[in-house]
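I opened a new notebook page for this model. These are my entries, in the order I looked things up.

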Amino acid sequence: MARVCKDRAMSAFASGRHRVAVLVRHGMLPIELGIVHRVFGQAKTAAGEPLYEVVTCAVEPGAIRTDADFTINVAHGPEALAEAQTVVVPAAHEDYTPEEGRLDPPLAAALARIRPGTRVASICTGAFVLAAAGLLEGRRATTHWRSTDDFRRLFPGVCLDPEVLYTEDGHVLTSAGVASGVDLCLHMVRSDFGSGVANEVARSTVVPPHREGGQAQYIQRPVPSRQFATTGAARAWALEHLHRPLTLRELAARESMSVRTFTRRFREEAGLSPLQWLTQQRVERARQLLEDTDLSVDRVAADAGFGTAASLRQHLQVALGVSPSQYRSTFRGPGAADERTERAVSAV
């Protein structure tokens, strides 16, 4: 049976779909393997054809221990890595020598099978494996915030950013904890086939369609006391009026609070100042308009509340590192995304 499954999967690799190999090791976290299969497995063309083939592989095929009370049976060996266009390395508890940051020789040999230029991504502490293999040297990367001290000690040549959800440096990507693995996989789908496909995957998986890689991993903030009024109504109202110039006084009045009290409560509940939150929401609105409409940049700027194209350009550059026109050319709406996927399928 294992041989039949293996032959079927490897023949699927020849089908022309984007090939993803997930490298699992003993001590793996099953949820992270599930994330990769779920996100990539749900990505389809407008006609319902799968866009990816996902194969799970190990250094040695067979039973792989998890951090739960069960094992998984992996049919494929490291040869799958040589056939992949994307390799994903989830976390595991038996990856490397903690004192030296070295890979076991069989794992190092498996990773050496990855073809140059292949996109490689890690979830959580899978970044330790990429770093130990030399794939992160001189690159920007992240990992789970609890492991940052060990990571810095073992891999001083990596530009570690412990504050973000995920990073992308050339063809190498890393993510923080478990949930950020969802964000990273959606980001890759979005980059490959557009926002329409990624948004549909997010809807079917019931997760937010997009979280910025630069968003903080973990914000420690108190839960507002139930005895106090919240600022939720003001936020909801602001979202309906982003095109208007909104003032703190106006928002505070929606909750019958003083500006000082409103600002304090807002930060407690949202983790951001009202101005930071408004800017973030306006960037999101602009992105949605750039993706889903053919409105001019001037009109997008006005509808999102930035006022001028220059202001929109400045804020988008700070938030995403691209101009409005660059963003639009990369991420288009569902119609354009469908055209991209159809082109991708017809090209193979």
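I take contact to mean heavy atoms within 4.5 Å. Of the contacts in the protein between residues at least 6 apart in sequence, 66% join residues at least 24 apart.

Ground rules next. The model is predicted, so I note that local features need pLDDT of at least 70 and side-chain atom pairs count only at pLDDT 80 or more, while totals for chains, interfaces and linings use all residues. Residues are numbered from 1 along each chain as its sequence is written, and side-chain values use heavy atoms, with hydrogens and water left out.

**Overall counts.** I looked up the secondary structure and found 16 helices and 12 strands. Helices (H or I, at least four residues) and strands (E, at least two) are DSSP runs, numbered from the N terminus. Then I looked up burial: 46% of the 348 residues are buried. Buried is under 20% relative accessible area, exposed is over 50%, and partly exposed lies in between (1.4 Å probe, protein chains only).

**Cysteines.** I looked for disulfides, meaning pairs of cysteine sulfur atoms within 2.5 Å. The count is 0. C159 is partly exposed, at 45% relative accessible area. C185 is buried, at 0%.

**α9 against α12.** Helix α9 spans residues 232-240 and helix α12 spans 274-292; their axes are 11 Å apart, at an angle of about 40°. I use axes fitted as lines to C-alpha atoms, for helices over the stretch in contact, with angles from 0 to 180 degrees between N-to-C directions. The pair is therefore oblique. Angles under 35 degrees count as roughly parallel, over 145 as roughly antiparallel, 65 to 115 as roughly perpendicular, and the rest as oblique. From α9, R235, A238 and L239 make the contact; from α12, W277, L278, Q281 and R285 do. I sorted these residues into 4 nonpolar, 1 polar and 2 charged. Ala, Val, Leu, Ile, Met, Phe, Trp, Tyr, Cys and Pro count as nonpolar, Asp, Glu, Lys and Arg as charged, and the others, Gly among them, as polar.

**α11 against α12.** Helix α11 covers residues 259-270; the axes of α11 and α12 come within 9 Å and cross at roughly 55°. This pair is therefore oblique. F262, T263, F266, R267 and A270 of α11 meet P274, Q276 and W277 of α12. By class I get 5 nonpolar, 2 polar and 1 charged.

**L295.** Where does L295 sit? I found L295 in the loop between α12 and α13 (297-304). L295 is partly exposed, at 23% relative accessible area. Leaving aside neighbours within four places in sequence, L295 contacts L289, V300, D303 and R328.
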